[in-house]
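Please consider the packing and the charge pairing of the chain shown below.

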Amino acid sequence: MNIDGSGVRLRQLQILREVLRAGSERLAARALRITQPAVSQNIKQLEDTIGFELFRRENNRLVPTDKAWELLRTIDAAFIGFDRIGPSIEFLKNNDTRVIGIAAPSAFSFGTLPLVVKKIREKSSSYTVKVKSGTYQQIADHVLNGRADFGISRLPLDDRIYDWIPIGAATNVCLFPPNHRFATLQIVTAEDLAGEAIIDIDPQFASHQMSVNALRYIGTTPQIVVEYDANGHDVGYVMAGIGVSVTNEIIAREYARLGAEFRPFEPGAIYHYVVFWQKDLQLREGLRYAIEQVVAAYS
């Protein structure tokens, strides 16, 4: 392949680049898997074509000229693009072309999603995963509006809009740091929360009702010291010893590797978690594999 208007062949520039990078014709020939005479011949032909010297011979050693280094700077940027062609072709042959977008509450980035992404990357290092977080409503909106391919959330979801696969049911638990007095209990009740500092989620969430309303029912004023607005924001405050929180078992499992402990909390509720996507979406291979890994993480 000739470079337009110059008479220079692309192969000659590739050989020049390798000689300059390797430091010798011998090492360049080895890297390119051609003979050393072939390297020398191409360099000589390139010099004849461009009309100036690229190397000087000193003590049987090639010494690049300033013009050779300047030419390398010119062609190197172009070759960076060429270097990407091979991996790109391999990716297109074996993989999907889209980034895999996953929407989930931020808590899932503590445990489940890193394991899922690791599996995806083990299948092919060409995959990139884009994670969106937020409230359960925001997660559904991410999937509905195409900002994510699928999401992790809990029911109810509109079955006219989404398809889903169940991944697990969870009841409420009380989350606390190691060595807390709750570690000796089998079940934590509203009465046990009396006098405890509470890390509480926004009132729109059901777990708020489980803890705060239960305390008010027994005539105790909750001592809320931190209020947060999305799952995943409580564990840092809990582990700092600031207070305890009420969440559910699936979310609490995400915190396990951080050392947080939890016990069943009563009164409680049951939450049904699913992995979901737009209804009737044709799941391409990589997306289907990613969903399978989420399901497997809870099986």
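The model is predicted. Its largest nonpolar core holds 36 residues, of which Ile100, Phe108, Phe150 and Tyr273 touch the most other members. Beyond its neighbours within four places in sequence, Phe108 is in contact with Leu113, Pro114, Ile152, Ile250, Ile251, Glu254, Tyr273 and Tyr298. A second, separate core comprises 20 residues, including Leu16, Leu32, Ala68 and Ile75.

Ile242 is placed in the loop between helix H10 (235-239) and strand E10 (245-248), and its relative accessibility of 38% counts as partly exposed.

Side chains of opposite charge can pair when their charged atoms come close. The structure holds 8 salt bridges. One of them joins the side chains of Glu25 and Arg57 at 3.9 Å, N to O. Because Glu25 belongs to helix H2 (residues 25-32) and Arg57 to strand E1 (residues 55-58), this pair ties together parts that are 32 residues apart in sequence. Glu25 is buried, at 9% relative accessible area, whereas Arg57 is exposed, at 57%.

Another salt bridge brings together Lys279 and Asp163 at 3.1 Å, N to O. This pair links distant parts of the chain, 116 residues apart: Lys279 lies in the loop between strand E12 (270-278) and helix H12 (285-297), and Asp163 in strand E6 (residues 162-176). Lys279 is partly exposed, with a relative accessible area of 34%, and Asp163 is partly exposed at 22%.

Note on methods. Residues numbered from 1 in each chain as written. Predicted model: local features only at pLDDT ≥ 70, side-chain atom pairs only at ≥ 80, totals over all residues. Heavy atoms only, no water. Core = buried A, V, L, I, M, F, W, Y, C linked by side-chain atoms within 4.5 Å. Buried < 20%, exposed > 50% of the residue type's maximum accessible area, 1.4 Å probe, protein only. Contact = heavy atoms within 4.5 Å. Helix = DSSP H or I, 4+ residues; strand = E, 2+ residues; numbered from the N terminus. Salt bridge = Lys/Arg side-chain N within 4 Å of Asp/Glu carboxyl O.
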